[in-house]
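Hi,

Here is the structure I promised to pass on. Have a look at it first, and my notes come after.

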Amino acid sequence: MALSEIENGCPGGEGGESDLIVKACVLGGFSETVETRALISSLPEVHGDPVTSESTTERFLVIMNRYQEQPHLLDPHTEWMLNMILEFVRSEKSPPSLVHLSFKFLYVVWENIIIRAFTNTVHCPSVGKLCITWETRYMLLLWLSMTCLIPFDLYRLDGHLESDGGKAREPTMDRILAIAKSYLLVSDTPRDAASVLVSKFMTRPDVKQKRLGDFLDWSLTTISQTNDESMRDIMVLDGALQSLAKLFKHGKRDDLLQYAPTILQCLEQKHLSESSQAMLRRLGVKLIQRLGLTFLKPRLAAWRYQRGSRSLAANLSMSQSTVAAATGTPEVETQEQEEDYDIPEEVETVIGEFQPPLSLKGLFFFQESDNAWHGGCLALAELGRRGLLLPSRLTDVVPLIIKSLTYEEKRGACSVGSNVRDAACYVCWSFARAYEPTELKPFVTQIASFICSWTILTQCTKNVLAVCCLLVVYIASFPEYTKAMIDHLISMKINHWDGVIRELATKALHNLTPQAPDYMATTVVPQLLPMAVGIDLHGRHGAIMACAEITHALYKQGLQTNRYILRTKLHSERLFAVYYSLIFLLRLQVAVVSALTALCEEYYQAEPGQADSQMQDALISQYIEGLKSPQMLTRCGSALALGCLPRFMIQGKLMQVCLEDVYILDIFTEARRDAVGAIAQVCVKAGVCAHGSPDSALCSENVAEVYGALLNSMNDYTTDSRGDVGAWVREAAMTSLMEVTMLVAISAPEILSVKCMMCCLAQQAAEKIDRYRAHAGNIFLSLLHSTEPEVPHIPHREELLSIFPVETTTTLNWNAPSQAFQYITQLLGLPQYQRHTLLGLTVSVGGITESTVGQRFWNERKIILKVSIPFLKMLNQMLANSCFEILTTQENHQFCVELLTLCKEFKKTKDISKLRACVAVFCGLIQFQGEVRKKVLSQLLMLLCHSFPVIRKATAGQMYEMLLTYDDVIDPEVLDDVMTLLSDTNWLVVTLDAVFQYFLIVTCFGVYLIRCRAGWFFLFFFSGKVTLPRYGRTGISFVIGWESPAHGWLPR
């Protein structure tokens, strides 16, 4: 079969993650023979159409690219592919477009086959006639380089150099050299092919005798006369350096040695190592390296490892004595063949050029890039292979290899370093073949453990976790690898940037713990504890999870062996430091604080039931200080921790713990929520004693303070981008009040006062959010119908029992507004509950939701500032639905006057939402007669000239709707004009036209204008006295200014 694929997959995990599919593709042969023949045969038909020819070329490229890693599969088919393509090239009838397309196909084939597959036939088109595409020029130059390999002297091809016209023809040798030189100076890919042509052409025996010196002079002149500042010179330098590098690669040392000092001197003067172009620096290093090898005679190091048999089985079956006898003779022969000779001075120059890049130790620092590490590893490998790294230097080199084997650097959402690790493995491979086994023996275990650890643990992913765990446990069962595997996990994996890798590493540590329990308890866990409180977030997460996994494994090990190692190895203060850091991690807070009781009982009891006073003071002081931290998670964690302290830890500290001011005045909503919950937990653990000490139990002296703190939390209406986040605090406060109330009702009901609590619960039961309304309602009914114990002092208990019978505790659905509000509205008839019920209904109506839109109610004048917007929205609905129609027939009713005064207070704000709500309410108040209407009109006119453009626009729109609803507000003769001005004027932009439009509107409403030097102001005579709404007195402004030809823009 041409293609065999083996796919192994595992079912995916949660979250819709795609499965890991491991594919091993092995090509068994060239399976696209028929399609390839069809594509090549279609060239005469498709060459004229650019679209078709491009698609044909792309398809041919896709087929060829499949065999880049197995090009030998194309060898049996190379001949017929080249013959088919060259047939079009050689044909005199082929148009230029077909020839160029054929050369494109040749270039694709060239990338996948060996150059020797080309024929050395000289019958090919002229380069000069077919130089349109770079593929054509590239392939013709390569073809020409193959023809240069013919073993005959080129002068035999010249014949008679005189043409028919009597003019001398240029020799073939000169013509080829001229072509090569011309294409070394171009800026496209044929420059690379020209350098190949030079390397093949100049190393011919006949050419190197006549033209090698001239060509080298031309190359050095070109290098000397160019610089790396212009792109043209850079391309010329690239061509000249490439040609010299390939020439010294393929040429013989004896032929090039006489020219090497001159070339080295030229390169030294050029200072290519200081060039800003990486391409030129690379070519310079390559050329200098080959010059250095030219200066040196070939020599084999006597100490190098002598290769045995090519068969591994044969090597293993040979005895040590046989190996020693077989390897002894070549060493003696090599020493006899060695002879001393003087090292050329130029070698020192070459070494001096390489000194900066070959400071290998300087490359292996984490400040360097992965490219530096990669280059350093390759340099070490090549030095070792060539016997230039003495065995005495292995002690310095092996630590560098170890670091490279574990190199990894995060870059964005991925990591780099695989090339460095591969290069480090290549170093190990080269060293194994360069040194005697006795030289490497001290380092084999260390290197093998790192290679084994990295190889297995790097391949460990979520879908192959089971396999990796089995491999880790199996390999760690060998003593040589146990600690190395554990150390690698601790140093490299638990602090990895990928969270999945960290979790897998901790699972591996769990499985490795039975292999070395003492090492885990005495060495690994003490290493992890400082990491758990470090500044690196990844390291903290991994260390915490590793501590948990190792502790769990040691616990299971202790159950089996009845030997608990960890208990005797850890110090309580260090463990508490780790624990204290854990409470600040959001994902672990709930789990960690639940273990605090067990931790305190284990380590912080001086005697049973009595706390260690020193640790008690330190612990509580640290958590109370954490309540004042600027970090939200720190405050939340500290509050949760205080709530979980056992009773003996808060003995004598109740007032300090429970009534800290920062509990309620916290700037973070989440911290306030956790603090309110902690108050109830602390009180429940401290217990109730009516005449006890306020620092030890809930008593008559501190119960009022506790209830006051919880009831204040019931008024938290904080909102942010997440919505009504204060509801979190209110919910926690309701739960805490119920817990404390039931506790006190059991032990000391005489100190209990529940009036305010029941009123606040009634308020919450009347609000808009279904979840919190249901929570408050259920608590309200639970306290009302509680019998064991019975909650005393509930206001209007009998009336409440008639409104809420016992069956309502199970049948009433508080989440359904249609059911809940039927009962809640009946509380308005009870004086004690009236105010709070109205306040809750105000919030419910003002903050409209889909379920509470049908409820409309009214509240008292002194409303809480935080619910002012819901109040204004509710008031607007009541005015729009004629809830105060009975007052419209009376002029200057006291209720209307006070309502107007209250709304005027709200108008002073800079809050856009509140100002919009005020505009709507003012438009609704216009229905009242007398002085109230005049004052409402004055407020609307001032809002119409507000400094905020959106308020001006909103006011104009609301006034337009108001005049449509109430047609008796203005004289019918000017009504149409006013409505036109309100609708057509652009109130967002203050212009001279807008000023005049405003004057006209004000005039229609009965406002007289006067002109002052500083600008236009207007007077209102509705109230019987002059009102001057200048900027700064009433919080409003008329206009920014107006445009005047004489004065321009005037200030406000």
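Below is what I found, going from the whole chain down to single residues.

Some housekeeping before that: this is a predicted model, so local features need pLDDT of at least 70 and side-chain atom pairs count only at pLDDT 80 or more, while totals for chains, interfaces and linings use all residues. Residues are numbered from 1 along each chain as its sequence is written, and side-chain values use heavy atoms, with hydrogens and water left out.

On confidence, pLDDT is the predictor's score for each residue, from 0 to 100. The protein chain averages 76, and 77% of the residues score at least 70. Residues 124-130 stay under 50, and the model gives them 11 contacts (heavy atoms within 4.5 Å) beyond four places in sequence. Another stretch with pLDDT below 50 is residues 1007-1052, which has 87 contacts in the model beyond near neighbours in sequence. Where pLDDT is low, the predicted coordinates should not be read in detail.

As for the overall make-up, the protein chain has 51 helices and 8 strands; these are DSSP runs numbered from the N terminus, with helices being H or I of at least four residues and strands E of at least two. Of its 1052 residues, 46% are buried, where buried means under 20% relative accessible area, exposed over 50% and partly exposed in between (1.4 Å probe, protein chains only). Among contacts with a separation of 6 or more, 67% are between residues 24 or more positions apart.

Have a look at helix H8 (residues 190-201). With 11 of its 12 residues buried, H8 is largely enclosed by the rest of the structure. Among those buried are Arg 191 and Lys 200, along with Val 196, Leu 197 and Phe 201. The buried residues of H8 pack against H6 (134-147), H7 (172-184), H9 (205-210), H10 (212-224) and H11 (231-250).

The axes of H49 (residues 949-965) and H50 (residues 972-984) come within 9 Å and cross at roughly 155 degrees. Those axes are lines fitted to C-alpha atoms, for helices over the stretch in contact, with angles from 0 to 180 degrees between N-to-C directions. In H49, Ala 956, Met 959, Tyr 960, Leu 963 and Leu 964 meet Leu 975, Val 978, Met 979, Leu 982 and Ser 983 of H50.

For H46 (residues 894-906) and H47 (residues 912-925), the axes come within 9 Å and cross at roughly 155 degrees. H46 is therefore roughly antiparallel to H47. Among the residues making the contact are Cys 903 and Phe 906 of H46, and Cys 918 and Phe 922 of H47.

Lastly, some loop details. Glu 788 and Pro 789 are joined by a cis peptide bond, with omega about 0 degrees; Pro 789 is in the loop between H40 (770-784) and H41 (797-803). His 793 lies in the loop between H40 and H41 too, with phi near 65 degrees, a positive value in a residue other than glycine.

Cheers

Methods. Parallel < 35°, antiparallel > 145°, perpendicular 65-115°, else oblique.
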